[in-house]
Amino acid sequence: MSAVSSSGWLYGAIQRRRNRGLGGLYLVVAAFLILYAVLFPGILSVGGFSKFTQNWFPLALVTMAQALLMLNGGITLAIGPLVSLGAVIAATTMDGMFGVPGGILAVALTGLAIGTVIGAIVAHLRLPAIIVTLAGSFIITGVALILLPRPGGFIPDWLSNTLAGHTPVAFLLLVVVLLLWKAFLATPLGLGIYAAGDNPVGAFRSGVPVERAKIAAFALSGLLTALAGLFVAAQTGSGDPVIGAPFTLNSIAAAVLGGVGFLGGKGTMRGAICGSLLLSVMINVMFFLGFPPVAQYVAQGLIIVGAVAVPELLKSWRARR
Amino acid sequence: MNAVKTIFRNPPLLTFVLVALVWLVASFTLRGFGAYGHLRYLLELAAVIGIAAAGQTLVILMGGIDLSVGAVITVTAILLPLISPAWDPTGLVGIALALSIATGIGVLNGAGAAYLRVPPIIMTLAMATFLQGLLVIVAGGSAVTVSNPAVILLGQSRPLGVPSGVLLWLAVSAVVLILIHRMPIGARFLAIGANPLAARLSGVSLPRNTLILYALSGFFAGLAGILVLGMNRQGYVGIGDPYLLTSIAAVVLGGTSILGGRGTYAGTIPGAILLVTTTALITVVNASPGWRSIMFGTLILALLLVSGREARR
Amino acid sequence: MTDQKPLLEARQVFKGFFGNPVLKGVDIALRPGRVHALLGENGAGKSTLINLLSGALQPDSGTIAVDGKPVGRFSPAAARAAGIAVVQQELSLTADLSIAENIGLGAFPRRFGLIDYAELHRGVREVCAMVGLTEPLDMPVADLALGRRQMVEIAKALYRRPRVLILDEPTSSLSAHEAGILADVIEALRDRGTALLYISHRLNEVQALCSHVTVLKDGGVTADQSLSGIDGEGLVRLMVGRETGDLFPPRAAANPGVLRIGVEGFSAGLVRDITFSGRAGEIIGIGGLVGQGQEDLLLGLYGAIPAKAVKAEVSGKPGLPADVGAANAAGLVYVPADRKHEGLVLPHSIASNLILPSLGRLARNGFRDRAAETGLIAELAKRLTIKGDVARPVQALSGGNQQKVALAKWLPLDPSVLLLNDPTRGVDIETKREIYLMLRGFATEGRLVIIASSDTPELVHLCDRVVVLREGAVAAELSGGAISEEAIVGAAMGVDRKGAAA
Amino acid sequence: AANCIKGDRKAPYTVGWANIYSVPTWMKQTEGTIAAEVEELKKAGLVKDLMITDAQGNAQTQIQHIQSMIDANVDAIVVIAGSSNALDRVISDACDKGIAVVNFDSLVNTDKVTAKINTDSAEWGAGAAKWLADQLGGKGKIIVMNGPAGISVSDDRRKGAQPVLDANPGLEIITETNTEYNAAPAQEAMTSLLFANPEIDGVLSLGGAISAGSVMAFDRQGREQVPVTGENARQFLELWKEKGLKGWATMQPNWLGALSVYTAVQALEGKDVPAFVKVPLPVIDDSTIDSYLARAENFPADGYIYSDYDQALFDKLLAQK
Ligand SMILES: Nc1ncnc2c1ncn2[C@@H]1O[C@H](COP(=O)(O)OP(=O)(O)OP(=O)(O)O)[C@@H](O)[C@H]1O
Ligand SMILES: Nc1ncnc2c1ncn2[C@@H]1O[C@H](COP(=O)(O)OP(=O)(O)OP(=O)(O)O)[C@@H](O)[C@H]1O
Ligand SMILES: [Mg+2]
Ligand SMILES: [Mg+2]
């Protein structure tokens, strides 16, 4: 062991080890991607790849936002409304005095602020996250409806074309976000979020600022969610006060599919991202297979259950041998 | 002073007191809110949530969750008229069939969670998706108006002035409370919810209890579906949707931990009433939809501040 | 040396929980270059006191002083900054993080705000070498056995290069070998001038390591004195406050009865292809270094993990129990080592925990019989001297009392085979005596007791036969006079000649 | 030629039907008319395939579906928009590819479509308000029941009613409520409103099964029925007859779906089709209700009794300028 102790060894080894248990999911996702490429070779072109990743991108972001909280032992039901609010703010501020930068800043600050407030309520008042965020979701929806009572607003075309045109900008952004996440996870606070999720008492006794970690988790989650809303606004060229609703459940499904546990500290972001990719690519594959709606529903259910159950069954079958 | 302390230590009781306070304040400030008929109607609405949340409470106590509640309600409400045999004048056969289907769905959920080791949240979500597929097939069938006399009786009659739905809820409450507090299985659910590993090593069978619980959850959701059908005289696709989140919210508002192992149905009962009361309160306020949504969220949060403190870890 | 200024002190601290006083004016002073023992029965308030000393709890009144200066609000982070580290019982680890990350948690070396993994690696490797942790540092803690986690916990404290090191029952899940390593570490630290506080219920360790003792009883300090010139019995007297008899009950005349458990070619988890048998009336010890398959052997017999055997007979029936329910039905019960995670439902009441396995048995017409339950609970509490309100959550009990609950809950089942995994872990000496007496009693009644233990004296003096496991295989089987600490440790380390006289 | 059409596509065509949510009965009925129309066109050798997708209420998924339809190079896309703005960009992409895009019911903002087909929502709201004002002689207390907030259809209908309400200052709106276009939530809301308001002279209900819920609420609370507007939901029409209501209804014909397919194929065949096909709103009142109820048995109990249609009707609608 000491023989391989070059400076990056430990970090790399830890990172590799965290793929454990995800092999099954990786295989399933890879199989779907290959199937998709066979059905639609256009995915391998720049344009096709760009479009596909654009459609996946917002789900990937909100899945990260959800997984981040679940790793910390929390959960949020306010994802959908916050995506909507992010889109609404983007679409209502970009024609204002400060233009696009002002709009982006406004969205980011809103996400951070809402996350921080929810986090502070959960951490300091010791209220269950699930119901605080449920209440929060109504309030956020209300604000979005007041700002923009019906779909509309304005996003400059160049922004839409940059973020969601025929170039893989969304994918690159995702890579950047993932790198930032990796960097964050390599900070004491980042690991603290993990530790506080798994064993809050122990983490506290080890000197981790447990409450600050929780608030940070909510704040970052809010930021990611609001930015997903910004992207949706750019992708669609407008704001819509209710467009985000389905993201709430989908973000939870993707995270759990990716092996993130409910109780905190269990799971990995890479798994969660894979979960969201599976949910996204599944839609396209089912389309190209020509499934009618009934089959779409049934297949979707089967794929979701199968992606979790098959690796699990294989594991216990192997253990039994 | 001591009485106040007892109330604050007892989440279900506290939630009941909150409900009473909200009713009182609303009755004095809003014309018509406190009318007997209105309160009775609110109870009737709460009955649906309460019955759906009965299964949800049990499942959450055991550390799981059931996201198929809404879909099961819809499926029951849509299927019941279709499967009620014409030769049965009482309609009970149809009810029994519908409940068996709902219970069967629950058993499938439980089997997935217990044997395939699929996290309940995923299993029940996938089940809800399956059921949507089923609805694509059966919905729009031509006989969705219910003619089943037992169902209509359940939804419309008021023996001694009390809606049958509320009576049904009382019965369900009694059964669930007995199950949790007076039967061995209730203690096992709680133990599994708090520490599945220790429970298993203490001889509590996880698969068996999981199956039983999700079956019960399916059953109660089915019962709620039948009641909704009776109250609306017609099922339609989406009729169960509102009950997914409300059933969970009622459980959590009642002081039950979403992580399992701690709580009681006695808290869910006032939790359900609190939810419908809040909704009704917001409905009669004349404001734009945005402001109404904000008021609803704020009210829930405010009530939570009083009732929902999580115990120290 | 001892008149050096104390590094860390508690002065007249009071602490209670929900109105129940635990510490009522306690003083303690930790001086550099001294190993200070803190003794007391289960629930005396030792852990509470160290939680105060390490900032994890705030005293109700009284002060904590560092270097003679009282500190205001003390937090774990502040304590670390002051050079105070605590070895907690596997309590502060995060299962999904690696060994290295766990060791560094709360004290990470940083570069540009990021964790400096290279530096972490260096530091962690050093402390791991000190405590003999040879597992890959990237391994998640979840994969470690309880005893190994304890070593990680120790390494974690050392990593902080503490001036004051507090060890709360650090050896309770360690075997003699690991405990020896720890003792060396402690001595080295002491010689370097570290102030140490050592809590243990293994009095021989206290005697070997410590030079000063504080004894807690009923919330107060009953002794605060040097240990020089005090022998083992004196120590017990200090703690218990009176003369006590032998710790271990006399062995009964060996006359094993019917075969209760017999397996050939048995494999489960780490255990590979072993042959093992036990008869009514026997107490069989399972020894070995930490994590050599002792737990898997018990769990496999109990039907809790997949197991197979070429030939098996359990309670007169062929085959292994398929699951825990079947094992219980066959008269097998299991008391896990990790009581907090496996043995008890911590947030639930003592009563609910005691009654859990008997629920079905006591029910009448499907309903719970409250009267019968209350009676049984009262009887169990009395039999195992679990004091106080049984409606309290077990979580609020001290470690030793938790252990009693984990054991007591099985008694109503009248088991014929008891599988015990370190049943006296963290249990105070008086309670240990009671438990040993009880186990011997069980054997005399014709039950089979199989006890995996990290406490070697326990194996030597309590057991009729000892099986030593090494890498999942039987390294030695000792019985009667052949059972000795040397033989057990020797076999465990693999330096032994094949199973002396079996 | 018509918008988007480049003339390089040859019969038989592949038609994509990008549904936002296939489960509600109205949608199912609509899909029925589409499928029937496709059968007709197949017989005529004009269509070879119908691809159906179901976005499960998620506008984001619908974007993904339409993108997949573009990737699969379908010849025509028929779409009900899940959000009035969100699909703009993907739909104009489709249009650029020469795909015939026909949008009906819920319309998109962009004009880069072959045709939009719809009734006039503003006219709907105005017509309903007008009738109610006439019924009440221009004064009285009314309750407005509308579909979900944040959706352009409900907003448009409500906006259409406003000028009429302004012109009748005697009409006092005591409360406005938004619910899903379903009976149960409407009944629930109306019941609370009934208790809070002892005097109600009329209900301005703007679509779906909301009116049925409202009527049931009056009925169950033993309140005297008041004039009410609504849509052609079978349940409402039956209650109307049963309770002898003063009622008015219009409809969003399900055969807009069939018409859309027909229009797409016509456009692909090189016919000029109008960019906006305005479908007149029929009026259901006491004089016409019997003709609807006479056909009730052919429709699902929770469905909508739509008027008869045939190719002649379609041709006539497409002939308008
Ligand atoms: N957080 C808490 N809440 C309530 N009671 C507590 C808490 N922590 C400790 N106690 C109580 O304080 C008393 C002292 O506990 P403590 O853990 O300090 O004992 P101990 O001396 O460490 O015992 P052991 O030898 O078993 O480890 C016990 O009776 C315990 O029930
Ligand atoms: N009622 C309670 N609520 C929450 N936490 C509690 C409660 N009672 C006790 N605890 C926690 O559990 C601890 C009790 O024992 P602790 O974990 O300190 O170790 P211990 O008593 O020494 O047991 P062990 O011997 O296993 O280490 C308390 O210090 C406290 O942090
Ligand atoms: Mg202790
Ligand atoms: Mg202890």
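1. Cys274(A) is buried (under 20% relative accessible area, with over 50% exposed and partly exposed in between, using a 1.4 Å probe and protein chains only), since its relative accessible area is 13%. Cys128(C) likewise counts as buried, at 2% relative accessibility.

2. This is a predicted model, in which local features need pLDDT of at least 70 and side-chain atom pairs count only at pLDDT 80 or more, while totals for chains, interfaces and linings use all residues. Residues are numbered from 1 along each chain, chains are lettered from A and ligands numbered from 1 in the order written, and side-chain values use heavy atoms, without hydrogens and water.

3. Over all chains there is 1 disulfide, defined as a pair of cysteine sulfur atoms within 2.5 Å. Cys4(D) and Cys95(D) form this bond, with their sulfur atoms 2.0 Å apart. The torsion about the S-S bond is about -95°, so the disulfide is left-handed. Cys4(D) is buried at 12%, and Cys95(D) is buried at 9% relative accessibility.

4. Ligand 1 is surrounded by 18 residues, each with a heavy atom within 4 Å of the ligand. Among the closest are Gly43(C), Lys46(C) and Ala396(C).

5. Polar contacts are pairs of N or O atoms within 3.5 Å. An oxygen atom of ligand 1 lies 2.5 Å from a side-chain N or O atom of Lys46(C). For His201(C), the corresponding distance to an oxygen atom of ligand 1 is 2.9 Å. A polar side-chain atom of Asn42(C) is 2.8 Å from an oxygen atom of ligand 1.

Methods. A polar contact is a pair of N or O atoms within 3.5 Å; within protein, one must be able to donate a hydrogen and the other to accept it, and residues adjacent in sequence count only if both atoms are side-chain atoms.
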